[in-house]
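Subject: Structure for you, with notes

Hello,

The structure we talked about is below. My notes follow it.

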Amino acid sequence: MNTIWSAYIQGTQTLYRSRKLRFDDGFAARYLPLFDIPRDRRIRILEIGCGPGALAAALQRWYPNADITALDRDSAFIRFAKENHPGIQFVEGDATALPFADGSFDVTISNTVSEHIEPSAFYGEQHRVLCPGGICLVLSARKGYHHSAPCLAENEMERAFWEAVAQQDDSMKKYAVCAYPMSEAELPRAMQQHGFSSISTGYAAIDLTPDDPKYPAPLALDMIEAAHLCEVEFVESAAHSLPDCVTQEKKQQMLQRIEQKYAERRRLYEQGEAQWDTTVSITMIVRGIKKERNDTQ
Ligand SMILES: C[S@@+](CC[C@H](N)C(=O)[O-])C[C@H]1O[C@@H](n2cnc3c(N)ncnc32)[C@H](O)[C@@H]1O
C-alpha cells in the first residue's frame with residue numbers, strides 16, 4: 001500500500017478536478033492533432049503515472065475503440081480511478097518496472113510524470129512495452145499564468161500559515177518530487193537519446209476563466225470548485241506532513257477561511273459580478289516513435 005503522493009504531495013481531488021478541466025471535451029481539438037494516434041484499427045494505450053484517472057477517462061471518450069490501461073503506484077489514486085471509471089483497466093504498479101510484456105502497447109502516454117522518474121527507467125520501460133512503430137507521448141506542464149480573484153486573496157493568517165509550512169516541509173525533497181526537471185529543449189532530446197525517432201513537439205494552452213461567457217455555468221462552477229478543493233487538500237497535506245506545526249486548531253481555522261472565501265466566490269459568480277480570475281496552463285506534448293526493427297535511421 002503506497003499513498004505517499006496522495007497524502008503528502010497532491011490530493012486525489014486536486015489532480016482529478018484540475019485534469020478533468022484541462023482534458024474537457026471542449027479542449028480535445030487542441031490535443032488530438034498533437035497526439036496523432038491512428039483511428040483505423042484497435043489501439044492499445046498505456047498511461048504511465050495516471051493519478052486518479054482523468055486523462056485515461058478523456059482518452060476513453062476520445063478514442064472509443066482503444067483498449068486503455070493506466071498505471072500508478074499510489075494505491076488511493078488507483079482505488080478512486082477504478083471506482084469512477086470501470087471501463088478502463090487501472091493497475092497499481094511502478095513505472096520503472098512495468099508489469100507488462102515486451103511490445104504489448106501501441107501508444108504510451110503520461111502527463112506531468114517525466115520530471116519525477118529517472119529518465120533511463122522512464123523511457124526505457126516505455127520503449128520495451130511499445131511495439132515497433134509504437135508512439136510515445138510525453139505531456140509536460142510548462143510555465144503558465146495565474147491571476148487570483150480579490151475575494152480569494154490570502155489574509156495575514158493564511159500567509160503566516162503557509163510561511164511556517166514552507167520553512168519546515170521537506171516532502172518534495174524527501175520523496176524526490178520533480179527530481180528530473182527538463183527544459184523544452186531537453187525533453188525531446190531525452191526521448192531521442194532513449195531510442196525514439198521522428199520526434200515532434202507542440203503546445204496546448206488552456207485558459208480557465210470562470211467569468212468568460214464562453215464557459216457554461218456548470219463548467220465555470222467546476223473551475224471554482226476545483227480551486228476550492230485544491231486549497232482544502234493542500235491544508236490537509238500540510239497537516240499530514242507536519243502534525244506538530246499544523247495543529248488541529250490551525251487546520252480548522254484555515255479550512256473555515258477557505259469555505260468563506262469560496263462561498264463568496266460562488267456568490268459573486270452567481271450574481272454576475274465578474275472577477276476575471278484566470279488560470280492559463282500550457283502543456284508541452286512531445287511525440288516520438290519506437291523505431292521499426294529494420295529502421296536503421
Ligand atoms: C504530478 S502527478 C500526475 C498524475 C496524473 N498524470 C495527472 O496528470 O493527474 C505524478 C504521478 O506520478 C506517479 N508516479 C511517480 N513516480 C511513479 C512511479 N515510479 N511509478 C508509477 N507512478 C509514479 C505519482 O503517484 C503521481 O500520481
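Start at Gly 134, which lies in strand E5. Helices (H or I, at least four residues) and strands (E, at least two) are DSSP runs, numbered from the N terminus. Gly 134 is buried, because it has 24 C-beta neighbours inside 10 Å. The cut-offs: buried means 20 or more other C-beta atoms within 10 Å of a residue's own, exposed means 12 or fewer, and partly exposed is in between, with C-beta atoms placed from the backbone. Gly 134 touches Phe 105, Asp 106, Val 107 and Lys 290, leaving out residues up to four places away in sequence. Contact here means C-beta atoms, placed from the backbone, within 7 Å. Gly 134 and Lys 291 are 157 residues apart in sequence, yet 7.9 Å apart in space, C-alpha to C-alpha.

Two points on the source. This is a predicted model, in which local features need pLDDT of at least 70, side-chain atom pairs count only at pLDDT 80 or more, and totals for chains, interfaces and linings use all residues. Residues are numbered from 1 along each chain as its sequence is written.

The sheet

E5 belongs to an open sheet of seven strands with mixed pairing, in the order E3-E2-E1-E4-E5-E7-E6. Strand E3 (89–92) and strand E6 (196–208) are at the edges; each has a single partner strand, so one side of each lacks a neighbour in the sheet. From one strand to the next, the twist averages 20°. Two strands count as paired if DSSP finds at least two bridges between them.

Strand E4 (residues 105–111) is mostly covered, with seven of its seven residues buried. E4 pairs with strand E1 (residues 44–48) in the parallel sense, over four bridges. There, Ile 48 has Ser 110 of E4 as its bridge partner. E4 also pairs with E5 in the parallel sense, over six bridges. Thr 108 has Cys 136 of E5 as its bridge partner. E6 and strand E7 (residues 278–290) pair in the antiparallel sense over eleven bridges. Leu 208 stands opposite Thr 279 in E7.

The helices

Helix H3 (residues 28–35) lies across strand E5 (130–147), E6 and E7, and runs at about 175° to E6. Axes are lines fitted to C-alpha atoms, for helices over the stretch in contact, and angles run from 0 to 180 degrees between N-to-C directions.

How do helix H10 (residues 217–241) and helix H11 (residues 248–270) cross? Their axes come within 10 Å and cross at roughly 175°. That makes H10 roughly antiparallel to H11. The bands: under 35 degrees is roughly parallel, over 145 roughly antiparallel, 65 to 115 roughly perpendicular, and the rest oblique. H10 contributes residues including Ala 220, Ile 224, His 228 and Val 235, and H11 residues including Met 254, Ile 258, Tyr 262 and Arg 265. The residues of this contact divide into eleven nonpolar, one polar and four charged. Ala, Val, Leu, Ile, Met, Phe, Trp, Tyr, Cys and Pro count as nonpolar, Asp, Glu, Lys and Arg as charged, and the others, Gly among them, as polar.

The ligand

The ligand is surrounded by 20 residues, and the closest are Trp 5, Gly 49, Gly 51, Arg 73 and Ala 95. Near means a C-beta atom, placed from the backbone, within 6 Å of the molecule or strand. By class, this shell has nine nonpolar, six polar and five charged residues. Helix H2 (12–22) and helix H4 (54–62) each supply at least two residues of the shell.

Most residues other than glycine have a negative phi. Thr 112 has a positive one, near 55°. Thr 112 lies in the loop between E4 and helix H6 (119–129). With 18 C-beta neighbours inside 10 Å, Thr 112 is partly exposed. For Trp 276, phi is also positive, near 55°. Trp 276 is in the loop between H11 and E7. Trp 276 is exposed, with 10 other C-beta atoms within 10 Å.

Ala 66 sits in the loop between H4 and strand E2 (67–72). Leaving aside neighbours within four places in sequence, Ala 66 is in contact with Ile 43, Ile 45 and Leu 59. Met 1 is in the segment before helix H1 (4–9). Met 1 counts as exposed, with 6 C-beta neighbours inside 10 Å.

Best wishes

Key:
Two residues are in contact if their C-beta atoms, placed from the backbone, lie within 7 Å.
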